[in-house]
Each structure stands twice: as C-alpha cells, then as structure tokens.
Amino acid sequence: MASEDSAILSEHPATPFHDVDHYLAIPRVSGLALSPDGKRLVTTVSTLNGKGTEYVTALWELDPAGEKHARRITRSAKGEAGAAFASNGDLYFTSARPDPESPEGDPVNALWQLPADGGEARVVLSRAGGISQVMSARDTGATFVTASILAGSPDEEADEERRKSRKEHKVSAILHSGYPVRYWDADLGPDQPRIFAVEPGEEKEPGKPATVDASAPLKLRNLTPDAAGLLRDSDSVVSPDGKTIYTSFNKPLAKADSRSVLVAIDVATATHRILLDREGMSYFAGPVSPDNRTLVVLSESDSTPHQAPQVKLNLLDVSSGEEPEAGLRPLAHDWDRWAIRAAWLPDGSGLLVTADDDGASPVFRISSAGTGLGAGSAEVARVTRDAAAYTDVVVSPDGLTAYALRSSYEFPPEVVRIDLPSGDVTRLPAPAERPRIHGRLERLETAAADGSRVPAYLALPDGASAHSPAPLLLWIHGGPLGSWNAWTWRWNPWLLVAKGYAVLLPDPALSTGYGQSYIQRGWGGWGSAPYTDLMEITDAAAERPDIDASRTAAMGGSFGGYMANWVAGQTDRFNAIVTHASLWALDQFGPTTDASQYWLKEMTAEMALANSPHLHVEKISTPMLVIHGDKDYRVPIGEGLRLWYELLSKSQLAADDNGQTPHRFLYYPDENHWILQPQHAKVWYGVVEHFLAKNVLDQELPLPADLGL
C-alpha cells in the first residue's frame, strides 16, 4: 500500500513546484497585441513539446470583456510569434512552419497572415533570410518588417544566392571591420538587419483563373539600404499614418565605442535623417502620438566610473520644421524612477508607462496640467495599486481601459484588464490556470550603515516556525541595474521553497525602483555597499525565529554570480555558494565581454581590481558550485574556467593529493547566459538541489540520472 501511495504522490505532486517536470510543463505567457477596434486581444503561449526538449509557441486569443474562454488560434510544431494587428484587423505573425502551398521549400521564418474575418493562416511573404519582426501602422494598411541581409547583397535575389553558397560550402567564417562582434549568444555578421516596407508585388500569371481569395504576392522595399550594422539591437516604432519610422542607430565612435542616435526614416523616399545625436547621450524611440506630431524619446546618459547613468523620458515635436534638438522637451524629469515602456492615451492627453518601484513595477499615468505635454513637472499618478509587475501595456480605443501582462512572485505572467479611472485590475480568462503555491511571501527590510533602506522579499515554506526553522538561501539578482519584483522562470524560488528552504530576495544598492541615489551609492564599488547591504538584510532574516541561521547558502547569476564570488572571498558565514554565469576576474572580463565599450566606462582599471573577486581566492573556505555555459558571450566562459581552476589550485578547499575537492563545476557546452533548454534546466535544478542538500542540510540526494554519473 505504501508503494502505491508513493506512486500516486509522484504522479500528482502537491504543487508543480514539488516536481521539476511539472514545473517545466507550466504554460508560459508572453507578449500582447490589441486589434485596432479593441475587440481582439492576442498573446503568445509557450508549452513544452512531447519530448520535453524545447518550448513551442502558439498564438491565443482572449476576450477583452472577459466573458469568453481563451482560445488557441495557431498550431504547429515550429510555433508562432510576433503577433501584430493590421489596421483592417488582419493578424500578422512569423513562423518557420512549412508553407502548405510550397511543401518542398526549406522552412524559414516567414510572414503569415490570419484574416480578420476568420479562416486559415497563410504565408504572405517568405525570403531566404527570414523575417524577424512585424510592425504595422495603426491608421493605415502600411506594414513593415525587420529582416536581415548579407552585407554584400544588392537585392533579394543576390542575398538568396549568397546564403545558398555559404550553406552548400559549409562556410561559417565572418570577416569583421568594427565592434562589437558578438551579442549575448549570437555571432554578429555577416547578416545585417534592415527595415523593409511590405508592398504589393506583381502577379506571376495575371489573368489565370483562381479562387476569390487569391491575391498578388507581396514584395519588400528596403528602407535602410545603407544602414550597415547600425540597426543591430535597435527598437523601431511606426507613426500611426505609416509615413515615418523612428529608430535608433548604433553609431560607431572612436576607440571601439558607440552610442545610440535617434533617426527618422521617410517611408516614401527610403531616406533617413538624424534627429538627436549628442555626445554622452543615447536615444531610443518610443511610440508616436495619435496625431503623429509627438514622439516619446527615452534618453540614457553615458555612465562613467563615478556616475551612474540616468534614464529619462522626453517628448520630441516631429511636426515642426525646427531643429529637432529644439523640439525636445523633458517629461517628468523630477520623477525619480526609470520608466521603461510607454503607450499613448488615444486622445493624446498623456502616457501610460511602467517603472520599477519599491519591489513592484506598476502602471503609471503621466500627464501635465497645461494644454501640452512636456514639462519637467508633469503629473505622475500610479494607476495599479498591487505589488505586481506590469509589462506590454496596450490601451483600448476609448482610452478607458488598458490591458497588460501582470506577474509577481505569487503568480507567473497573466493577461489582465485595467480600468484606468479606478485602477481596478481584472484577470481575464487565461490559457492556463495559475500554478498552486505552498508557502507564503513576505516583505521585509533593514537599515544599512548609511541609513538607507535595504528591502527584500522572503519566500517561506509552509510550516516554517520557531519550532521548525527553515534553512535560508540568499538569492542575489543580476543586472546589477534590476530588481526582484516579477516572476522568473530561470530563478524561481518556489522550487526550493517546496524543498523546505526559505529564499531571501533582496534589492541592495544598485537596484532599480528606489531612486537614482540608491543606484549611485553602489556605483563603481560593487564590493562595498551592495555587499554590505546583502549582509545586513541576511542578518535581519537570520534573526527571525522561523529561520535557521546555522544552515544558509548564497546564490546568484551574472552580477549575482559576481556577488556570490565576492561573498565567498569575504566571509565564511555560508555553508555553500552557487555561482552561475559569474564574473570572476574583472581585469579579464572587461575586454572579453560582448559589450566592452559599456563595461570600460563603468570602472577604471584600478576600480576593477579593487572589486575583483579573484584576488581573494585564497580566503575561500566555502564549497562552491560553479555553473557556466560555453555560448555565454556576455560573461565569457573564460570567467568560469579561470574560477574553476583557481578554486582547485588556490582556495582553502583546493584539490587534495587524490584530486578531490568539495567544489563542483556544472558546464553546458551549448547553453548561453541562461539555461534555456528544458532538459538542461531540469539538470540545473537537480544539481543545485543535490549540492545544497549535501552542504547545507548534510543530506545525500541523487544527482540527475542524465548526467551519466
């Protein structure tokens, strides 16, 4: 009977977080698109394939009124993404699924159209280099795509031939003449992104009988033929009338530096002009006002070793003939938060934005008391009141309702309706139910030595009490310009809470959502205020009667991994340390990361050495689990390799005469800065749980069988 009960429990865990296979199977929602009439809402849902080796995306339609069930509107093994509504209600998306009308062709990421009045989706544009993004003008039928060409290709035919030749001859070599050469996990080149207008082409056999739904093929017109690599990592927006595209160009500077300048592309002439180009400042395009006259501009100042960047909202008058710089007006510059997304209200009276704010990322309305926007004293009002994080905000045509994705540490992203006058939020019928969580989430804080607040979330398992205190895991977020305020699939605390741990999620100095001064107090001194903040909040948590201060571990990835390494060399208070994709030797890291131009503005060589964990390796007496992916270009594998060697050769737990050490190195040859493949995520959590159990709980748990050990 006992074995039967155990089998039932393994098949039906108490929550998805009690079994990593169930956790990985939770559907994941991302992106949001609203039809021009406000009657259709589309999101993307990723689900695990049958083999459990990758996520497949599909488009789902939700009822904005919340009266009907969500329904899936696309289905294929390759998946679909990038939903964008045309002005007539047709839905465009991209997919690499085979074209039923050309089954013999090699699948590429093509442009598909789902008619507004129903029916099957069909391919409307396919090209050898694929399609990466779709954009549509709200008030006209103009459609645009972002796609890549090989740098030497004068037209689409030549581009296809070049691609075919490289493929047939198995050539992967890339000749570079500038910087950067890599980005996250992608090798840059020989592809270069371009923006194209999608326009009617010529019928191949005009007059030939066909069904009534037959239409002329579409063709692409290159709007940025001379962009070279300037459009890499750029976000673009289209004016409602479809006449202008605003984007940033990644302008190269001397000594391999760069900054983003703001550009307007005239669709009719395929010419561009630079709107904003100022030394020490980068500009990024936000949405265009409903009357096509005003552009939201996000500005970000260059950092220096002694000054953190400042991120501000601005409005640019793009309707007048005056110099663009003269038409740039600050928007709410006295608001001490970093707005990261924006959507215009339909009457042009204001904007909806989101911004990190004290452990949340609410929706805010920005307006001004006068007749026009742009004053630095513009009013900022919080719309949503809960401690959740909102993204992908879209606004209904009447301006009374917004829709967004909402998440927190209590639930993953879900689509919600926001009543703008009241701020009330309603969850819409979803493609999947919320996963159950056993445990509780609390907000706590302490004071740093300089009097600053150090806030955190604490996720506690059910039953944690003075009679049964929980072991503590300190999780340090990456960035470092970020905040623990939204659901995360990669670092999800509830999997460890389900194993009985309490997980502490602090926002130390450098975190966003607490004002510019909170960022500045940690700037250039990663090993100072951020470290002492983390120790102060850990002390505060450890003093609780429901926490077992004798059983603790510190964990982090990216900057959080850097900080885990720094912690290891500064204190022996933890029983174990897990460091993922971590910075180890800052003198080595700077010139080898994929964005050295940014890093080398952040610290001088002297500051980097003063804050480099590798100089303290001889002090490390805590077992460390090192995790790194070979395709990580942001924190190159050399950091993990050097850390591993120096732990084994120089730390206080160096390899003994038999080559044995309590340190461990989990290496992924084909993963990047994140562990993206589900089967590898399963191994990640299994190895982490094994390592923590051994060193924190003094328990032996089996390693994942797929390691082959």
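## Exercises on a predicted model

Glu-160 lies in helix 3, which spans residues 156-168. The model is predicted.

**Exercise 1.** Classify Glu-160 as buried, partly exposed or exposed, and find the charged patch that holds this residue.

*Solution.* 
- Step 1. Take the relative accessibility of Glu-160: 47%.
- Step 2. Apply the cut-offs: buried is under 20%, exposed is over 50%, and partly exposed is in between.
- Step 3. Glu-160 is therefore partly exposed, given its 47%.
- Step 4. Asp-155, Glu-157, Glu-160, Glu-161 and Glu-168 form a negative patch.

**Exercise 2.** Work out how strand 7 is covered, which way its side chains point, and which strands pair with strand 7.

*Solution.* 
- Step 1. Strand 7 covers residues 110-114, and five of its five residues are buried.
- Step 2. Recall the rule: side chains in a regular strand alternate between the two sheet faces.
- Step 3. Sort the residues. Ala-110, Trp-112 and Leu-114 point one way. Leu-111 and Gln-113 point the other way.
- Step 4. Pair with strand 6 (residues 91-95): antiparallel, five bridges. Here Ser-95 stands opposite Ala-110.
- Step 5. Pair with strand 8 (residues 122-125): antiparallel, three bridges. Gln-113 has Arg-122 as its bridge partner.

**Exercise 3.** Give the strand order of the open four-stranded sheet and name its edge strands.

*Solution.* 
- Step 1. The order is 1-2-3-4, with antiparallel pairing.
- Step 2. Strand 1 (28-34) and strand 4 (71-72) each pair on one side only, and these are the edges.
- Step 3. Strand 2 (residues 41-48) and strand 3 (residues 55-62) are joined by eight bridges. Ser-46 stands opposite Thr-57 of strand 3.

Methods:
Residues are numbered from 1 along each chain as its sequence is written. This is a predicted model: local features need pLDDT of at least 70, side-chain atom pairs count only at pLDDT 80 or more; totals for chains, interfaces and linings use all residues. Side-chain values use heavy atoms; hydrogens and water are left out. Patches are made of residues with over 30% relative accessible area and no salt bridge: like charges are joined within 9 Å, nonpolar side chains (Val, Leu, Ile, Met, Phe, Trp, Tyr) within 5 Å. Accessible areas come from the Shrake-Rupley method with a 1.4 Å probe; for residues, only the protein chains shown count as cover. A salt bridge is a side-chain nitrogen of Lys or Arg within 4 Å of a carboxyl oxygen of Asp or Glu. Lys and Arg count as positive and Asp and Glu as negative; His and the chain ends are not counted. The place of a charge is taken as NZ of Lys, CZ of Arg, CG of Asp or CD of Glu. Helices (H or I, at least four residues) and strands (E, at least two) are DSSP runs, numbered from the N terminus. Buried means under 20% relative accessible area, exposed over 50%, partly exposed in between (1.4 Å probe, protein chains only). Two strands pair if DSSP finds at least two bridges between them.
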